[in-house]
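Me: Got a model I'd like to talk through with you. Can we take it piece by piece?

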Amino acid sequence: MARKRSNPLALAVLATLLEHPMHPYELATTLRSRRKEDSIRLNYGSLYSVVQSMERAGLIEAQETTRAGRRPERTVYAITDAGRLEVVDWLSMLLSTPTKEYTNFEAGLSLMPVMSPDDAAALLEERVVRLTELLRTLDTFEEMAAGRIGRIHMIEAEYKAVLYRAERDWLTTLIAEIRKGTLDGLSDWRGYHTDLSEDPAPGS
């Protein structure tokens, strides 16, 4: 029976443990130092749950438990042979097979006609401004990282920047079509909101 693979944090933990055995705190520190929280939802509590789940599944195993002074015990985990196979199989699937992802923005676009065309255009213009700010932040990070870490270690930031730029360009065109009145179906969209404004109030 195939494992359910719904949490990328589990894959990140397995991939990091390929380097050498670590305890959960070191795992979290390593992932944060590489800015993986920009691409993978990461918090310390969920990390512990993931580690325990993978141990039960036989993908990792406790190697040793240590205590330094009065600090809590720390269990060091190592990846198992089954875990190594899981990394390769899971990552192969993610890299090779497009999947349907239900994003919040896509949901918003599908319901956009609820807003008037002018209001929708104004909101999309706000999004373009925010995308530009995000791109500026990503560009700054890439400039700071250039020469310090290899491109392969920031490839997800590059991918994100490509998506942001493509979305911004597409939105700019869409907004222009709404503002100029050239968007196909715009008259029906405006008519819908005209009818709403002309409907008598309930009880009148």
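Predicted model: local features only at pLDDT ≥ 70, side-chain atom pairs only at ≥ 80, totals over all residues.

Me: How many of the 10 residues of helix α1 are buried?
Reply: Helices (H or I, at least four residues) and strands (E, at least two) are DSSP runs, numbered from the N terminus. Buried means under 20% relative accessible area, exposed over 50%, and partly exposed in between (1.4 Å probe, protein chains only). The buried ones in α1 include L9, V13 and T16, and the cover comes from elements including α2, α3 (44-56) and β1 (60-66). For helix α1 (residues 8-17), the count is 8 of 10.

Me: Which residue's side-chain oxygen reaches the backbone nitrogen of L9?
Reply: A polar contact is a pair of N or O atoms within 3.5 Å; within protein, one must be able to donate a hydrogen and the other to accept it, and residues adjacent in sequence count only if both atoms are side-chain atoms. Here the oxygen comes to within 3.0 Å of that nitrogen, at the start of α1, and it belongs to N7.

Me: Is T30 buried or exposed?
Reply: T30 sits in helix α2 (residues 24-33), and its side chain reaches the backbone oxygen of E26 at 2.8 Å. Counting contact as heavy atoms within 4.5 Å, and leaving aside neighbours within four places in sequence, T30 touches T16 and M22. Its relative accessible area is 12%, so T30 is buried.

Me: How far apart are the C-alpha centres of domain 1 and domain 2?
Reply: Domain bounds come from an automatic or database domain assignment, which gives domain 1 (8-96) and domain 2 (104-198). In contact terms, 5 residues of domain 1 meet 4 of domain 2. The C-alpha centres lie apart by 35 Å.

Me: What area is buried between domain 1 and domain 2?
Reply: Buried area is the accessible area (1.4 Å probe) that two parts lose on being put together, summed over both. Carbon and sulfur atoms give 37% of it, and the total is about 360 Å². On the domain 1 side, the residues losing the most area to domain 2, together 80% of what that side buries, are R35, K36 and S39.

Me: What is the phi of R35 near?
Reply: Most residues other than glycine have a negative phi. R35 is in the loop between α2 and α3 and, at 33% relative accessibility, counts as partly exposed. Its phi is positive, near 60 degrees.

Definitions and conventions:
Residues numbered from 1 in each chain as written. Heavy atoms only, no water.
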